[in-house]
Amino acid sequence: MTDTTTRTHRLPQRRSLVTTLPGPRSTALAQRRAASVAAGVGSSAPVYAADADGGVIVDVDGNSLIDLGSGIAVTGVGASNPAVAAAIAEQAARFTHTCFMVTPYEGYVQVAEELAALTPGDHAKRSVLFNSGAEAVENAIKIARLATGRTAVVAFDHAYHGRTNLTMALTAKNMPYKSNFGPFAPEIYRMPMSYPFRDEAGLTGAEAARRAISRIETQIGADALAAIIIEPIQGEGGFIVPAPGFLAALAEWAKANGVVFIADEVQTGFARTGAWFACEHEGVVPDLITLAKGIAGGMPLAAVTGRAELLDAVHPGGLGGTYGGNPVACAAALASIGQMKELDLIGRAREIENLALPVLRELAAETDVIGDVRGRGAMLAIELVRPGAAEPDPALTKAVAAAALAHGVIVLTCGTFGNVIRLLPPLVIGDDLLLDGLSVIADAIRTLTRINGPAGFTDRPIPRSA
Ligand code: PLZ
C-alpha cells in the first residue's frame, strides 16, 4: 500500500529546509499580501505554496514541508493527483460552465449517482450540489424546514458548520467565527455534546444523548423541531469523538419524532476516518448528509444527499446557484472518488491510524501535558493540557504547531479552547514521511516541555509564548 502510494509521486517525498521559515520569497509575498488582502483572512503557516504532491508542499523558497493538514481535510487523494488533474484538464477543454440550471450535463448526474451509492442507507436518495460546506449546510436546513413545516434546529456545543449567517448561528465558537458578526439567524438551539474527555467520568453515549434529548423536549418541544445537525466527529471544535451510542440514540429519537437527522460530514467524509463516512462507524443512517472538502480533490464542490422524499419535497427552482455542481468540479469529484476506490484510501486511512495512534499514545505516556489522544483513521488529535490537569493549554498548542512548522511540518490546531493538535494528512502520504512528521511533533512537545526524548531537536528549546 505504502509503495503503491509513494511510487507514483512526482515530487520527492521528503522534508527539507533550505531557508529558515518563512524564507525571503514568502516574506516578500507576505508584504504584498498585507497591502492587498483583507486582514480578516488568516493563514496557519506563513509560507507560500509553489507546488504540492503526495505528502509534501514545496514553498516558493524551495523548502519541502510535510503536509499534515491536507488544506483542512480536502486533498485526501493528494493536491496534484494525476488522475484528478487529467480529468480537470479534459473537462476544462470541453466546457468550464454552462450552469446546470440552464443547460444541464452528465457529470452532475454522475456525481449524484455516486453519492447515492456511497452514502449510508439503501433507501431512495437524491442529491443537490453546491460550492462550499457552508452552502451545503444552509441548504440541508432549508430542505429540513420545508419538508417538516417546522423551524427549530438543534446544533451542539463545539459544533462548526460554517461562516455564513445561518451557519455562524449553528457554529458554537465565538472567536474568531462569530464575534461582532451578528445578529444571527433565529431558531437555533444549542445542546450539550458527548465529549468523553471532558464529560463526567463514565457518562455513556446513551446517557449523553438522554441529557440532550431531555433539554430538547423541555426547551423546544419535538413538534417544533425541524432538524438535528451534528458532525459525527467534530472537526474545528476539537476532533471530539462522541461516546459510542450517542449518535445512534439521537438518530433514533429523531426518527421517532419526525425530526430530520443531518450528519455534517464535510470534514469527516470521503475515506478520511477509515470509512466512506464517519457515521458508518456508529451504524447511523442519516436522513440528510452534508458533504464538501474531500469530495473533489481540492476543487470547490459540496453536496446535500439524502432521502428522496425530503429533497423532492422542495418545489422546482427552490434549490440551486450559478456555480453549484460546476462541471470541472464534478469531473474532479468523479476522478477523486475513482482514486479513493483504486488506491483503497479507506484501507490507507486505517493504516494511518494504526501507524500514528501508537506513536501518539507512547508520547502521551511520557508526558503529563497530553490529556487525550483520539480520532479515527487519518483524523487524529492530541488534546494538550496543563501538566496533569484537564485545564486546556492553548499557548503550548500554538507553540507546538509553530515549532513543527519551523522544522518543516505543517500541522493544524483546533478546539473550542484552542488546545488540540490535529492530524489530517493526505491519505496518499507514505509511512516514512508520516512517521518523520510525527517525530517532529513529538520532539516539539518534548523540547517545549523539557522532556528528554530519544531523538530531540538539535536546536535550542523554543521559548513558550504566554
Ligand atoms: N461543516 C464540519 O468542517 C469547514 C473551515 C475552516 P466550507 N471547516 C473548515 C475555517 O476557518 O473557515 C466545515 C466543516 C464542517 C462545514 C464546514 C464549512 O465548509 O467549505 O468552509 O464552507
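What is the handedness of the crossing in which α12 passes α14? I began with this pair, keeping in mind that the model is predicted, and I noted that α12 passes α14 in a right-handed crossing.

**Entry: α12 and α14**

I looked up the geometry first, since two packed helices are described by the angle between their axes and the distance between the axes. The axes of helix α12, residues 345-366, and helix α14, residues 431-448, come within 11 Å and cross at roughly 20°. Angles under 35 degrees count as roughly parallel, and α12 and α14 are therefore roughly parallel to each other. I then listed the residues that meet: from α12 they are Arg348, Ile352, Leu355, Ala356, Val359, Leu360, Leu363 and Glu366, and from α14 they are Asp431, Leu434, Leu435, Leu438, Ala442, Ile445 and Arg446. Sorted by class, this contact of α12 with α14 has eleven nonpolar and four charged residues, with no polar ones.

**Entry: α4 and α11**

I turned next to helix α4, residues 82-94, and helix α11, residues 327-342, which pack at an angle of about 155° with their axes 8 Å apart. Angles over 145 degrees count as roughly antiparallel, and α4 and α11 are therefore roughly antiparallel to each other. Their crossing is right-handed. On the α4 side I wrote down Ala83, Val84, Ala87, Ile88, Gln91 and Ala92, which meet Pro327, Val328, Ala331, Ala332, Ala335, Ser336 and Gln339 in α11. The residues of this contact of α4 with α11 divide into ten nonpolar and three polar, with no charged residue.

**Entry: the second largest pocket**

For the second largest pocket I recorded a volume of about 350 Å³. Its lining is made of 18 residues, and those nearest its centre are Tyr108, Ser127, Val128, Gly317 and Leu319. I checked which element gives the largest share of that lining, and found it to be strand β4, residues 125-130, with four residues. By class, the lining of the second largest pocket comes to nine nonpolar, seven polar and two charged residues.

**Entry: cavities**

I found that the structure holds five cavities of 30 Å³ or more. The largest cavity has a volume of about 70 Å³, and its lining consists of Ala73, Val74, Gly76, Val77, Gly269, Phe270, Arg272, Gly294, Met340 and Leu427. Six of these lining residues are nonpolar, three are polar and one is charged.

The second largest cavity has a volume of about 50 Å³. I listed Pro232, Ile233, Val241, Pro242, Leu247, Ala278, His281, Glu282 and Arg376 as its lining, which has six nonpolar, one polar and two charged residues.

**Entry: backbone exceptions**

The peptide bond from Leu21 to Pro22 is cis, with omega near -10°, and I placed Pro22 in the loop between α1 (2-7) and α2 (24-34). The peptide bond from Met175 to Pro176 is likewise cis, with omega near 5°, and Pro176 is found in the loop between α7 (165-170) and β6 (188-191). I also noted Cys99, which is not a glycine and yet has a positive phi of about 80°; Cys99 sits in the loop between α4 and α5 (106-118).

Definitions and conventions
Residues are numbered from 1 along each chain as its sequence is written. This is a predicted model: local features need pLDDT of at least 70, side-chain atom pairs count only at pLDDT 80 or more; totals for chains, interfaces and linings use all residues. Side-chain values use heavy atoms; hydrogens and water are left out. Axes are lines fitted to C-alpha atoms, for helices over the stretch in contact, and angles run from 0 to 180 degrees between N-to-C directions. Helices (H or I, at least four residues) and strands (E, at least two) are DSSP runs, numbered from the N terminus. Angles under 35 degrees count as roughly parallel, over 145 as roughly antiparallel, 65 to 115 as roughly perpendicular and the rest as oblique. A crossing is left-handed if the near helix is turned anticlockwise from the far one by less than a right angle, and right-handed if clockwise. Contact means heavy atoms within 4.5 Å. Ala, Val, Leu, Ile, Met, Phe, Trp, Tyr, Cys and Pro count as nonpolar, Asp, Glu, Lys and Arg as charged, and the others, Gly among them, as polar. On a 1 Å grid over the protein atoms alone, a cavity is a set of points where a 1.4 Å probe fits but cannot get out, and a pocket is an open set with protein on both sides within 12 Å along at least five of seven lines; lining residues have an atom within 4 Å of a point. Grid points are joined across faces, edges and corners, and a volume is the space filled by probe spheres set on the points.
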